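Biologist: I would like to learn how to read an interface. Could you walk me through one?

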Amino acid sequence: MNDTGIGASVRRKEDFRFLTGQGTYTDDINRPGQTYGYILRSPVAHAKINGIDLAEAKAAPGVVAIFTGDDMQVGSIPCGWGVNNKDGSPMNEPPHPALAQGKVRHVGDQVAIVIAESYAEARAAAELIDVDYEELPAVADLATALDQSTLVHDEAPGNLCYDWEIGEEAQVNAIFESAHHVTSMDIVNNRLVPNAMEPRAAIGEYDSATGEYTLYTTSQNPHVIRLLMGAFVLQIPEHKLRVVAPDVGGGFGSKIFHYAEEAIVTWAAQKVRRPIKWRAERSESFLSDAHGRDHVTKAELALDQDGKFIGLRCYTKANMGAYLSTFSTCVPTYLHATLLAGVYTTPAIYCNVKAVFTNTVPVDAYRGAGRPEATYLLERLVDRAARETGMSQSEIRRKNFIPEDAFPYQTPVALQYDSGNYTATLDRAEELADVAGFQARRSEAASRGKLRGLGYSTYVEACGIAPSAVVGSLGARAGLFESANIRVHPTGSVTVYTGSHSHGQGHETTFAQLVSDSLGIPIENVDISHGDTNKVAFGMGTYGSRSLAVGGEAIMKALDKVITKSKKIAAHVLEADSADIEFKDGKFTVAGTDREMAFGDVALTAYVPHNFPHDELEPGLEEQAFYDPMNFTYPAGCHICEVEIDPDTGVVEVVAMTAMDDVGRVINPMIVEGQIHGGLAQGIGQALMEGARYDDDGQLLTGSYMDYCMPRADDLPDFKVGTTTTLCTHNSLGVKGCGEVGAIGSPPAVINAVVDALWDQGVRDIAMPATPNAVWNALNGAKTAMAAE
Amino acid sequence: MYEFNYHKASSVSDAEQALRNASDGKIVAGGQTLLPTLKQRLASPSDLIDLGGCSELCGISVDGDTVTIGAMTTHAMVANSAEVQSAIPALAGLASNIGDAQVRNLGTIGGSIANNDPAADYPAACLGLGAVIVTDKREIVADDFFTGLFETALDEHEIITAIRFPKPEKACYQKFPNPASRYALVGVMVAKMSSGVRVAVTGAGADGVFRVDAFESALDGSFSASSLDIEMVHLPDLLEDIHGSPGYRENLIRVMGKRAVEACG
Amino acid sequence: MTNVSMTVNGRPVSADVEPRTLLVEYLRENIGLTGTHVGCDTSQCGACVIHVDGKSVKSCTMLAVQAAGCEVTTIEGLANGDDLHPMQAAFRENHGLQCGFCTPGMVMSAVDLVTKNPDLTDTEIRDGLEGNICRCTGYHNIVKSVRAGSNAMKAAE
């Protein structure tokens, strides 16, 4: 192994600039002549706009211009994925205006932009705008939204976006009728706010000399924004629209989507002929960043007399919020229901999903997107089924795992898993978590008055998103390939242009390791360039743990082309046949001889082609590749959580969190562990702390860090993490993806541990987040119920 | 933030004068609550009068059985003061858990008390220990000082200069933080004074900090945790929010109260 | 407008600002030091932590005028050229950062924390970082970094 190659914990190339305050985030950029935009947002959840009086605001100091929906007549913000109803008809897809067109549909909906010489002036002027709102009842509650007479969109009767299904309902029902045991649960997957630490920001700029627009934005995928905003909203052709996503301070899904503010500042910059910077304050982020999760599900698992799972059926309502955000529609369907086999051999599965409009912020992908929801309901059901049938948590899982020799394994819900070894992962996790010693630890805790519990979760997810042919057949309106360009410079240094975007994942290091390993050159000689549509040919961006499995593979493919061309050059110089050239450790050798040429010499020769045969060999050394995966990748693992509960206060302390994950080949173990840590923290956050709450009027009650509980250092333990490895069989690196596993696997492990701790007190279930008040209520409710019996 | 005029006062009388001259003046001490309020445009004072230059308001002195803390003394100074740690460890402990390290470096005892946030810690210390709030005009006993949510007995142009704490026989403050904001969801100060036991609760009351008479008389009878297994009669209305129902807060008053008694030894 | 002067990273600076200008705005917009970040508007996230007269403070919760005449250190002032401060080096070595947005505040808090108490337990480190929120790392590697940074600072003395 090269010490900067595959498998090495190379320290990150990007860290120096971040540690010295030299990162360049969108809000750090200032353009000549820049103005500042403030977005006036709706204070009410649902209202008609009968009029907007701008007179006073327009006269306020520093104001350059004010625009409302009347001014901004542009295309609707598109949804990227069409989902069909079970009868085959298309989903209901109401318009999604950048600035409100006569109606507002959630608190935070964009009503106007005020552009001024300073941010303070823009904000002050916005307070002078008089909007005549005619308030309407709000549809704020997911569970009852379908029954409300109030419609979020007149175009969507019953507030239904789609009524979708997978599987044969009648066949699954028949299995349930003959089942030996049925475990049944009502499950809520709580609504979350992603809360990347960098609030969103955007700078729009227009160059009247060239007719070119530039948008600097906090995005995980600048090309996707260029496509969606350019082609659908503003009708700006690609060659006149540059989108730059510079350093981005975390995304977790929330910065995938094309947001209204991006279109507003880009469009308005052309009107005022000056750059416009907009940045969200955190309270604005809560009201305008897409939220995540938010499902209610009725789920049932059927078992035979041997404890084998024979059927699963789920009926899910998924909140879309007020408008369809970019990937919102595929999250509860193709990223959720298709995962319901989990790591088990359940032969028959049915899932119905009703997507619902409400007067709340749009809901879309958040770290894991659909897969945490699937894992949570499945692992809660399995945990309960074990308790009801008298099996241990380990036994019920082992009995139902897809066996190691069954891969490739076709599930009944569309996916074909390529590889995995779930028993091995469980074995290692149980060992690392010291499950054998748990009873002793529980007794010791009891002596201190604490209730100690242990919870399991064994999961599989689908990532490396995604094979274009498959997602295209399922309604995706884009391909999900990735591009890479390798530019070898004359002195042998390399710049890689990748369509993946790094916003914390460390691509500048991991991708450079691929190049260092492949070309045998020092990692210092490799730079990774990303995030600018004028530099990178094309890109679908970073989400769904796809960067290495798709973006990395594109790099590998381009590297293959570089090596192939380099062999031709070496063959020419060494006067051999290129088929006889071998490449190893950065050297091209004529097989069986000592004639060799270093990579750097090949690079120089490529640019000094004094005697190239021009009909056979072009000068230069630069190669482009596009990679479209054959299949999803399937990371899997086992998370085991141990908690202690203080029955007096209901406080749950996570005393141990063990994650054993199979993410395929690991390129940089340090970075992979870091990704898993971060996912675990978000998973524990979902399980115990975080939850977006609306009141009946559609006001967000958790609109700042005063009320939305973010995990802090003292809320979390040190994590015990490890990896097992089965290689992905359909990509050259054998990689599967690691960005989401922590957030997917951990929430049910935590809740299963809480339920385990409380089971003997009579508690049977507890919803996320299991806050101190909620746990205390559950304990008291159970006490009351037991006393009544 | 709305615009305002800024004055850096050099003395209390200078500040008082500036306050009188302003149409709607506001004192800024450490600013750790006021500035977030201004940033959210929830207040729009015409003038901000900064006490940061009034060095006479900063400092801690112990005289016999009394600890006097200047109004501009930061939470960090109280927490780290050897005198306070020795005279009233419960007070130093309370200060060491207010906000976070950065808030403690700027936030002041005078600012906290003048603001009287229903979830702030210091009001429980003042009321629980029976402190005297000293202003540029008079002295106000804590029982008369805290008059409601964000309301105090301070007159319009009155400035807190110091807080005098009598030394308790023993005392302990137990805080149950709001998981999100880290303010007190319930904080209970139990103090055994020469005059009897005082129990003050912050975070829970719909009208701010209050005393729990039932607990005080029970502890006067027997200073042990089990004495608190009684009904809390005459409790004021308790706050209700997404972090704690009134019932949960009532439970926490008892649990934190007992823990405070136990920690008193 | 008021003229506000102070010393930032050892350099005297001065700018005319409105009294309502926050210290973080002064640093980012008037002085051009964008390493100090703003991640929330309720004084909780800690992305804006800097040192004023040797103490860590949230620069989003202090007016620039309040810091007039003070000695201010920001993340840009911690390293010596290309030589990272031991705490910065520890964050790099222990992968204590991912997206980098909370990092400047986290590092500034950590330096103040361990300067006051060089012998912290992991629990004390976690408690001491209460005022800094990170969404990427799960804090595991931050705690490790602060411990390592603390040891390196002691060794460097």
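Biologist: Let's begin with charges: how many salt bridges are there between chain C and chain B?

Modeller: Keep in mind that this is a predicted model. Between chain C and chain B the count is three salt bridges. One of the pairs is B:Asp100 with C:Lys58, whose closest N and O atoms are 2.6 Å apart.

Biologist: Which elements of chain C each supply at least two residues to the side that touches chain B?

Modeller: Those are strand 4 (55–58) and helix 3 (103–116). Strand 4 gives the most, with four residues. By class, that side of chain C divides into eight nonpolar, nine polar and eight charged residues.

Biologist: And how do I read the size of an interface?

Modeller: The size is often given as the accessible area lost when the parts come together. Here chain C and chain B bury about 2,100 Å², with 53% of it on carbon and sulfur atoms. On the chain C side, C:Arg20, C:Gln66 and C:Glu130 lose the most area, together 29% of what that side buries.

Biologist: What area is buried between domain 1 and domain 3 of chain A?

Modeller: About 1,300 Å², of which carbon and sulfur atoms give 54%. A:Gln220, A:His223 and A:Arg242 supply 42% of the area that domain 1 buries there, more than any other three residues. A:Arg242 also forms a salt bridge with A:Asp532, the closest N and O atoms being 2.6 Å apart.

How values were computed
Residues numbered from 1 in each chain as written. Chains lettered and ligands numbered in written order. Predicted model: local features only at pLDDT ≥ 70, side-chain atom pairs only at ≥ 80, totals over all residues. Heavy atoms only, no water. Buried area = accessible area lost by both parts, 1.4 Å probe. Salt bridge = Lys/Arg side-chain N within 4 Å of Asp/Glu carboxyl O. Nonpolar A, V, L, I, M, F, W, Y, C, P; charged D, E, K, R; others polar.
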